[in-house]
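Please have a look at the picture before I start.

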Amino acid sequence: MNDVATRAGVSIKTVSNVVNGYPHIRPGTRARVEEAIEALGYRVNISARNLRQGRTGIVGLALPELSLPYFAELADSVIRAAEQRGVIVLIEQTGAVRERELEVLTSERRQLTDGLIYSPLALGPEDGAALDVPYPVVLLGERIFGGPADHVTMNNVEAARAVTEHLLGIGRRRIAVVGAHEGEAVGSAALRVRGYREALEAAGVAYDPALVAEAGLWHRSTGAEAMARLLDAGVEIDAVFGLNDALALGALHALHDRRVDVPGEIAVVGFDDIEDAAYASPTLTTVSPGREQIARTAIDLLLARIQDSSERPYERVIADFEIVERESTAGQSASVPVAAVPGRSILA
């Protein structure tokens with residue numbers, strides 16, 4: 001930095017201001033410093049800068065299960081968003097096990113990171129106090145609301161209602177759900193089933209509990225098993241809503257095995273718009289829940305907390321969504337925007 005300052009005829013402080021993006025520098029001065037940086041091949045010593053600032057330049061990302069395509073693709077989106085901001089991501093997998101989700105929050109590994117993006121599945125509303133930790137946290141998902149952390153989530157109810165309305169709009173009335181969780185009051189399954197039921201009620205279609213098939217973890221195998229149970233029970237079905245794409249792809253597999261025509265006899269939709277949905281046979285209509293927006297927003301909120309330690313209200317951001325209509329509902333491959341209820345609210 002001293003060599004750059006000497007070549008440009010400025011102080012070391014001015015070089016530091018240019019390197020760190022300080023806006024109030026005369027254009028001519030900035031140009032001389034940038035020329036000197038380029039000529040000398042100067043690179044910022046990130047480790048030294050982070051040490052001075054008391055930071056590591058690394059953030060944590062705790063996810064339930066990378067074998068689930070949604071979480072793998074979310075991790076990819078978070079990594080790319082972080083790279084654009086000069087930050088490295090350290091990924092940890094909790095397996096959706098309560099003890100491991102709690103351990104992530106108190107682990108000595110947190111000394112390696114400046115903050116944590118945290119997506120629990122085993123914790124619940126009563127665990128909000130666990131988020132009261134001495135480092136910045138951004139919460140993802142639908143297990144905890146109102147905890148002491150910024151929160152980025154998707155519009156589960158509205159999106160589920162919209163995709164159910166899509167099925168109703170193409171004339172389907174016996175719409176099965178694959179992936180429900182009995183007794184769940186908070187969580188993706190409960191919220192998506194709520195949206196499904198709201199759409200039925202608004203259309204004057206009676207809710208039939210025989211059409212709701214439970215599944216544990218949302219994998220292709222559990223989706224196939226739930227679909228097979230519905231078919232074996234002889235329930236009249238003309239459409240299936242898989243509460244995520246993995247479940248819907250499993251349901252598609254079971255329907256193929258039974259030689260059921262999709263979408264002629266039974267239309268199928270999913271939720272998450274994972275890459276596999278566009279390559280299924282037939283291609284899968286699904287909800288795109290704003291994964292890229294979720295990743296960018298989570299990184300931005302976390303870095304803002306890291307850089308500004310002053311207390312301010314926590315934020316909740318709800319991502320936009322859209323319905324991506326494909327062959328499994330007899331539509332053309334097209335992205336159909338749907339007005340959600342997006343936005344950012346300030347929480348007490």
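In which helix does R100 lie? Before I answer, a word of caution: this is a predicted model, in which local features need pLDDT of at least 70 and side-chain atom pairs count only at pLDDT 80 or more, while totals for chains, interfaces and linings use all residues. Residues are numbered from 1 along each chain as its sequence is written, and side-chain values use heavy atoms, with hydrogens and water left out.

Now the answer: R100 lies in helix α6, residues 98-106, where helices (H or I, at least four residues) and strands (E, at least two) are DSSP runs numbered from the N terminus. R100 counts as partly exposed because its relative accessibility is 41%, given that buried means under 20% relative accessible area, exposed over 50% and partly exposed in between, with a 1.4 Å probe and protein chains only. If we set aside residues up to four places away in sequence, R100 touches Q93, T94 and G95, and contact here means heavy atoms within 4.5 Å. The C-alpha atoms of R100 and A122 are separated by 9.3 Å, although these residues are 22 apart along the chain.

For comparison, let us turn to H166, which has its place in helix α7, residues 156-169. Is H166 buried or exposed? H166 is buried, because its relative accessible area is 17%. Leaving aside neighbours within four places in sequence, H166 is in contact with T285, E325 and T329.

Next come the strands. Strand β1 (residues 58-63) and strand β2 (residues 88-93) run parallel and are joined by six bridges, and two strands pair if DSSP finds at least two bridges between them. One of these bridges links G60 to its partner L90 in β2. Between β1 and β2 the chain passes through helix α5 (residues 69-84), and this β-α-β crossover is right-handed, which means that, with the strands pointing away from the viewer, the path from the first strand over the helix to the second runs clockwise.

There is also an open sheet of four strands, in the order β7-β6-β8-β9, with parallel pairing. Its edge strands are β7 (212-214) and β9 (267-269), each of which pairs on one side only. From one strand to the next the twist averages 20 degrees, where angles run from 0 to 180 degrees between N-to-C directions and axes are lines fitted to C-alpha atoms, for helices over the stretch in contact.

Within this sheet, β6 and β8 pair in the parallel sense over four bridges, and V177 has F241 in β8 as its bridge partner. F241 in turn has V269 as its bridge partner in β9. On the other pairing, β6 is joined to β7 by three bridges, with A180 standing opposite E214 in β7. As for how covered β6 is, six of its six residues are buried.

Finally, I would like to show you two helices. Helix α9 (residues 220-232) and helix α10 (residues 245-257) pack with their axes 6 Å apart, at an angle of about 50 degrees. That angle makes α9 oblique to α10, because angles under 35 degrees count as roughly parallel, over 145 as roughly antiparallel, 65 to 115 as roughly perpendicular and the rest as oblique. Among the residues that meet there are M227 and L231 in α9, and L247 and A254 in α10.
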